[in-house]
Amino acid sequence: MTYIAVRCLHCQSEQIVKRGKTAQGTQRYLCQNTLCAVRSFLLNYRYRGCLPEIKQQIIDMSLNASGVRDTARSLHICPNTVLRELKKKEAALESVNTALLHTLKPTEITVNIERAGEAEMEEMWSFVGNKGNPRWLWHAIDHRTGKVLAYVFGRRQDTVFLQLKALLAPFGITQYYTDYWGAYTRHLDPEEHTPGKRNTQKIERKHLTLRTRIKRLVRKTICFSKSTQMHDIVIGLFVNRYAFGRAV
Ligand SMILES: [Zn+2]
């Protein structure tokens, strides 16, 4: 006969005693490590969603474009747990790269604005049968370094651009490189605005990897994301983690 030591799911301690059963007849255990934060646990899958490492895996899998149901199946948890954990992250998201803001000299910044994956966004909504509700991710990139400065999601072009422009205010942007899109000429002074494809090509190469990954995620995310909120959270988490370098 083989014995497998029961370890505390929270602190890995082996000092465990049985402590009764749940109403459903599942064995409950008590961790005797006095430093353990949780102490009481079950070895049942239903409670796996409470574990820190499972919570981390939920986020990691989502950012790897794994759908809610796939994630739930792989981690042996309930799909609602996946949704709940993602929603919890919403409050922690930042739309502005504040870490970068604090290190940059404002006078040195010029900016390159692009609509990321417009085509993908339209295609994306067609998956859920709602082409009338396009969702765009816009972001602004530092012209020199290719780093993402800020991002915004939205529906209406001019409104969304103005939001992004407001987010960029602390950066003290002096020059905007854009394509010839109308919203830019309507809301930017000619002297701070350089429209034209040529200016964006250089930055696009530098930024290609991140852009490709975001586009891929945007495409994949929409396969499972039926709500604008979840869509924005997952992509927002991605930008926060990989473009802003934040631990989310
Ligand atoms: Zn413990």
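How many aromatic pairs does the rule give? The count comes to seven aromatic pairs, where rings of Phe, Tyr and Trp (its six-membered ring) pair if their centres lie within 6.5 Å.

This is a predicted model: local features need pLDDT of at least 70, side-chain atom pairs count only at pLDDT 80 or more, and totals for chains, interfaces and linings use all residues. Residues are numbered from 1 along each chain as its sequence is written, and side-chain values use heavy atoms, with hydrogens and water left out.

**Stop 1: Tyr-151**

Select Tyr-151 and Phe-153. Their rings are edge-to-face, 5.6 Å centre to centre with 80 degrees between the planes. Planes under 30 degrees apart count as stacked, over 60 as edge-to-face and the rest as tilted. Both Tyr-151 and Phe-153 are buried (under 20% relative accessible area, 1.4 Å probe, protein chains only).

With Tyr-151 it makes a tilted pair: 5.9 Å centre to centre, 45 degrees between the planes. Tyr-151 sits in strand 6 (residues 148–154) and Phe-244 in the segment after helix 10 (228–243), so this pair ties together parts 93 residues apart in sequence. Helices (H or I, at least four residues) and strands (E, at least two) are DSSP runs, numbered from the N terminus. Phe-244 is buried.

**Stop 2: the cluster**

Select Trp-138, Phe-161 and Tyr-184. They form one aromatic cluster.

**Stop 3: the zinc ion**

Select the zinc ion. Cys-8, Cys-11, Cys-31 and Cys-36 coordinate it through SG, at 2.2 to 2.3 Å. Donors are N, O and S atoms within 2.8 Å of the metal (3.2 Å for Na, K and Ca). Their spacing along the chain is C-x2-C-x19-C-x4-C. Cys-31 is buried, because its relative accessibility is 0%.

Terms used: Buried < 20%, exposed > 50% of the residue type's maximum accessible area, 1.4 Å probe, protein only.
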